[in-house]
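Hi there,

Here is the structure I promised to pass on to you. Please open it beside this email, and then read on for what turned up.

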Amino acid sequence: MDAFNITKMLTLVDQSLPSLSYSLDSPGHEGLKYDIPFMKRQESLINNKFQSDVTFLVGEKRMPIYAHKLLLIISSEYFNAMFNGNFKESNSEEIEVSDVEPDIFLEILRFIYCGKVRLTIENVLEIYVHAQKYMLNELRRRTIRFLEKHIDSDNVLKIFAQNRLYEFSFINEKCLALIRKNPLTYFHQEDFFVLDRKSLEIIFASKRINCSDEQLFQALRDWKKLNESEYVSDLQTVISAKRSYNCAKLRFFGNMSMAMHTDLKFSIDHTSSLAFFGIGVFVKSRDRVVAIEVKISENLEILGRHRFDYENKDSASVNVANLFFEELTLRPDEWYTISVKFSPSGECFTITNPQICHDKLRLYFDNNYSTMRSVVSHFFCEEIKK
């Protein structure tokens with residue numbers, strides 16, 4: 001056979017084979033292409049009738065999705081047992097899969113065929129569930145890494161609520177770590193007001209959280225306004241349980257006196273920044289309710305203004321009001337000022353020239369007066385690890 005006839009024969013063979021170009025939008029489109037990378041060829045087989053020997057009827061609408069038993073068997077013990085065990089599916093050409101929607105099942109096949117998967121915040125939990133079901137350990141680990149990287153302040157409440165369907169402990173731990181650290185930020189988000197009751201109870205039952213009981217009660221009242229049908233008296237009981245704070249308490253030391261206080265101006269000397277959650281202030285008043293205004297500034301920029309109505313239960317003695325606000329970042333070598341005002345005003349219980357005792361952290365104070373008298377008793381803060 002001469003070269004011309006060989007070329008003509010190969011051309012006819014090539015024309016007889018369809019060109020394989022897989023698309024999720026057009027499943028079942030057949031064809032072959034040899035001049036594409038291996039992974040592309042693998043991916044082109046997903047949901048393609050070409051040489052398919054099993055059809056999955058997926059979801060409520062029983063959408064047909066085509067697959068290849070050999071690729072499934074060598075990738076998953078689950079499918080190996082299904083097709084080689086004493087199950088009816090081993091000899092079936094059609095298998096019903098009702099517990100997953102087609103888009104999720106296609107992502108499972110994508111991973112099996114070519115090691116790829118399209119993870120999003122919306123689908124990652126369901127893919128995790130089915131990675132466990134089909135015994136795809138690497139896919140399960142990949143979803144965990146995705147969640148660890150992508151759970152943040154913008155989506156944490158949504159993911160936490162979604163997890164009520166699954167109750168995966170590692171997701172609860174990741175979400176609650178963020179929520180407990182800076183709860184006041186989340187109590188104002190839209191996702192908070194649509195939280196289910198169980199998720200709310202888990203948050204309120206936290207033994208360590210950076211806010212006061214009154215702030216938790218206020219968050220419950222705000223949630224109740226948009227969830228009027230819900231019964232909340234037991235949630236009030238949960239809030240009343242004894243708790244502590246999810247950060248360190250940096251105490252101030254010095255001579256105590258009853259005198260007019262001054263603003264606290266300071267700078268931190270540390271290798272990293274501090275996450276700043278709140279302060280404690282001394283309260284000595286005969287009034288049952290004391291309004292406390294706190295202003296925090298960095299140089300001339302106001303970082304936050306906060307007003308607290310402190311319930312002064314013991315007017316005969318000096319009390320300490322723990323005042324929490326949304327997390328602020330205090331950077332080394334910057335100057336910050338904390339101004340505190342009381343209403344009604346009067347003589348205050350103060351620390352003269354306050355100092356701290358810490359192995360690594362130093363605070364430098366600056367004041368125009370020879371003696372600084374501060375009502376601040378402590379900081380609630382935490383080192384931001386690099």
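A polar contact is a pair of N or O atoms within 3.5 Å; within protein, one must be able to donate a hydrogen and the other to accept it, and residues adjacent in sequence count only if both atoms are side-chain atoms. At the start of helix α12, a side-chain oxygen of D196 comes to within 3.2 Å of the backbone nitrogen of K198. (Helices, H or I with at least four residues, and strands, E with at least two, are DSSP runs numbered from the N terminus.)

This is a predicted model, where local features need pLDDT of at least 70, side-chain atom pairs count only at pLDDT 80 or more, and totals for chains, interfaces and linings use all residues. Residues are numbered from 1 along each chain as its sequence is written, and side-chain values use heavy atoms, leaving out hydrogens and water.

Helix α12 covers residues 197–204, and its buried residues are S199, L200, I203 and F204 (buried means under 20% relative accessible area, with a 1.4 Å probe and protein chains only). They lie on the same side of α12, because they cover an arc of only 130° around the axis (the arc is that of the directions from the helix axis to the C-beta atoms). Among the elements covering them are α8, α9 and α13 (contact means heavy atoms within 4.5 Å).

Now for the sheet. It is open, with 3 strands in the order β2-β1-β3 and mixed pairing (two strands pair if DSSP finds at least two bridges between them). β2 and β3 stand at the edges with a single partner strand each, so one side of each has no neighbour in the sheet. Strands β1 and β3 run parallel, joined by 4 bridges.

Enjoy exploring!

Technical notes
Buried means under 20% relative accessible area, exposed over 50%, partly exposed in between (1.4 Å probe, protein chains only).
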